[in-house]
Amino acid sequence: MTEVGITDDTLVIEVRGWDKLWSMTSRLEIPLENVLDVRPANDDAGGVRLLGTSLPGIITAGTFLQEGSWVFWDVHDRAKAIAVDLRDERYSKLIIEVADPAETISALKQALFRRDFQRA
């Protein structure tokens, strides 16, 4: 599982527990200007695993090649997974499990709205 934090201009993803080992990642920091969208990850599929772990129905964690782009995964329970679409980053997308998907999506959308409002 991951914990998501938002500072004034950065999305911070903290990978927790054993998932650090399975995903080979402990923390991701993404400038909010590079976040395009956030949504439930209902239709997102896996891909070709390059670094990490994939045990169907148990865990998908690490770096995957999906439709020609790098995607970071850290998911045990697909019902709690969100997708974060990115630009100008190593990953084109993050698929992460969070404790409260609706709350996390709402908080990130508010941060993106503030970012866009400040630009105008």
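A residue counts as buried when its relative accessible area is under 20%. By that cut-off, seven of the eight residues of strand E6 (residues 59–66) are buried, so the strand is largely enclosed by the rest of the structure. The model described here is predicted.

- Strand E6 pairs with strand E7 (residues 69–75) in the antiparallel sense, and the pairing runs over seven bridges.
- Within this pairing, Leu65 stands opposite Trp70 in E7.
- Two residues lie between E6 and E7 in the hairpin, and Glu67 in the turn has a positive phi of about 50°.

**Salt bridges**

- Side chains of opposite charge can pair when their charged atoms come close.
- The count of salt bridges in this model comes to five.
- One of them joins Glu3 and Arg16, whose closest N and O atoms are 3.2 Å apart. This pair links distant parts of the chain, 13 residues apart: Glu3 is in strand E1 (residues 2–6), and Arg16 is in the loop between strand E2 (10–15) and H1. Glu3 is partly exposed, with a relative accessible area of 44%, and Arg16 is partly exposed at 36%.
- Arg27 and Glu14 also meet through their side chains in a salt bridge, at 2.0 Å from N to O. Because Arg27 lies in strand E3 and Glu14 in strand E2, the pair ties together parts that are 13 residues apart in sequence. Arg27 is partly exposed at 40% relative accessibility. Glu14 has a relative accessible area of 18%, which is under 20%, so Glu14 counts as buried.
- Glu14 and Arg27 belong with Glu29 to a network of salt bridges.
- Asp37 forms a salt bridge with Lys109, with the closest N and O atoms 3.0 Å apart. Asp37 lies in strand E4 and Lys109 in helix H2 (residues 101–119), so this pair ties together parts that are 72 residues apart in sequence. Asp37 is partly exposed, at 28% relative accessible area, and Lys109 is partly exposed at 39%.

**Surface patches**

- Glu33 sits in the loop between strand E3 (27–31) and strand E4 (35–40), and is partly exposed with a relative accessible area of 48%.
- A nonpolar surface patch consists of Trp18, Leu21 and Trp22, which together have about 370 Å² of accessible area. Leu21 is found in helix H1 (residues 19–23) and counts as partly exposed at 48% relative accessibility.

How values were computed
Residues numbered from 1 in each chain as written. Predicted model: local features only at pLDDT ≥ 70, side-chain atom pairs only at ≥ 80, totals over all residues. Heavy atoms only, no water. Helix = DSSP H or I, 4+ residues; strand = E, 2+ residues; numbered from the N terminus. Buried < 20%, exposed > 50% of the residue type's maximum accessible area, 1.4 Å probe, protein only. Pairing = 2+ DSSP bridges. Patch = residues over 30% accessible without salt bridge, like charges linked within 9 Å, V, L, I, M, F, W, Y side chains within 5 Å. Areas by Shrake-Rupley, 256 points an atom, 1.4 Å probe, with all protein chains shown as cover. Salt bridge = Lys/Arg side-chain N within 4 Å of Asp/Glu carboxyl O.
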